[in-house]
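Dear colleague,

Please find the structure below, followed by an account of what was found in it.

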Amino acid sequence: KIIVAECQTMLYATESRGPAHVEVMKAKNRVRAATLPATDNGLFFDVMSSIYPEYVPATNVLETSINNAGAVVHPAPMLLNSGLLERAAAGEDIRYYRDVITKFVCDNVMTKIDTEKSDIARALGIPVLDILGWYRECYDVDAKTLYETLQSNEYYIGFSAPKHVLGYHHVLDEVPNSLVPLASFGRAVGVPTPMIDSIVDLASSSLAFDFRIEGRTLDKLGLAGKTPAQMLEFVNAGPHF
């Protein structure tokens, strides 16, 4: 039997330091994971717990996907502070979390994306893990605001900035695979997502690429037309592989 599972995020916070050289900044304290269907969670953790004890059970893959922190911390800063990436490309020492993520973008954009994401999780009836809770759980960093959290995370000090707005896949991965499905879920459950929509539109216009067509919509996920209860049934009990 093949068990299909996903974790909420990468266990290791890493950055390339050259050919065949990766620096591990931190192994996260806890990372939620789940199987599809969720009825296989027990079989998965029977094996995985002995290999990676940091993985802990999530209810289902909707919990791991909707609560993914990458949607909050990656696309918006890359697109809104792209001038800093140009300076990084020119050789200036620009750090991602120290420089590219500014207080204004944190307070006025990223936290609103997180609120919309949390509202979607709440409407779907899955556990809500907001961005501050995620940092407490994964990094043991506890602060009052997202900006304070990111700036006080000692494991983030060494992360350099990408040399281009497409670098690190913070845009090419997170927009179609995180923000587009979040917006799609929001429409399905009646949760407005104006900030998420704005970042998707900005990415599409800037890169001349329609992320709404190419991204993971409810149609592509097999969840279109389902109620929240039916979506939960789908990930909890089926499809069966």
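What share of the contacts in the protein chain with a separation of 6 or more comes from residues 24 or more positions apart? The share is 68%, where contact means heavy atoms within 4.5 Å.

This is a predicted model, in which local features need pLDDT of at least 70 and side-chain atom pairs count only at pLDDT 80 or more, while totals for chains, interfaces and linings use all residues. Residues are numbered from 1 along each chain as its sequence is written, and side-chain values use heavy atoms, with hydrogens and water left out.

Overall fold. The protein chain has 14 helices and five strands (DSSP runs numbered from the N terminus: helices are H or I with at least four residues, strands E with at least two). Its radius of gyration is 18 Å, close to the 18 Å given by the globule rule for 241 residues, so the chain is as compact as a globular protein of that length (taken over C-alpha atoms; the rule is 2.2 Å times the number of residues to the power 0.38). Of the 241 residues, 49% count as buried (under 20% relative accessible area, with a 1.4 Å probe and protein chains only).

Core. The largest nonpolar core contains 66 residues (buried Ala, Val, Leu, Ile, Met, Phe, Trp, Tyr and Cys joined through side-chain atoms within 4.5 Å). Helix H7 (residues 103–124) supplies its largest share, eight residues. Phe-185 is among the residues with the most contacts inside this core; leaving aside neighbours within four places in sequence, Phe-185 touches Leu-62, Ile-66, Ile-120, Leu-124, Leu-218, Leu-221, Leu-223 and Met-231.

Helix H8. Eight of the nine residues of H8 are buried, including Trp-134 and Glu-137. Among the elements that cover them are E2, H3 and H7. Just after H8, Asp-140 adopts a positive phi of about 60°.

Largest pocket. This pocket holds about 1200 Å³ of space (on a 1 Å grid over the protein atoms alone, an open set of points for a 1.4 Å probe, with protein on both sides within 12 Å along at least five of seven lines; lining residues have an atom within 4 Å of a point; the volume is the space filled by probe spheres set on the points). Of its 47 lining residues, Gln-8, Thr-9, Asn-68, Asp-173 and Glu-174 are the closest to the centre. H10 gives the largest share of the lining, six residues. The lining divides into 27 nonpolar, 14 polar and six charged residues (Ala, Val, Leu, Ile, Met, Phe, Trp, Tyr, Cys and Pro count as nonpolar, Asp, Glu, Lys and Arg as charged, the others as polar).

Key:
Buried < 20%, exposed > 50% of the residue type's maximum accessible area, 1.4 Å probe, protein only.
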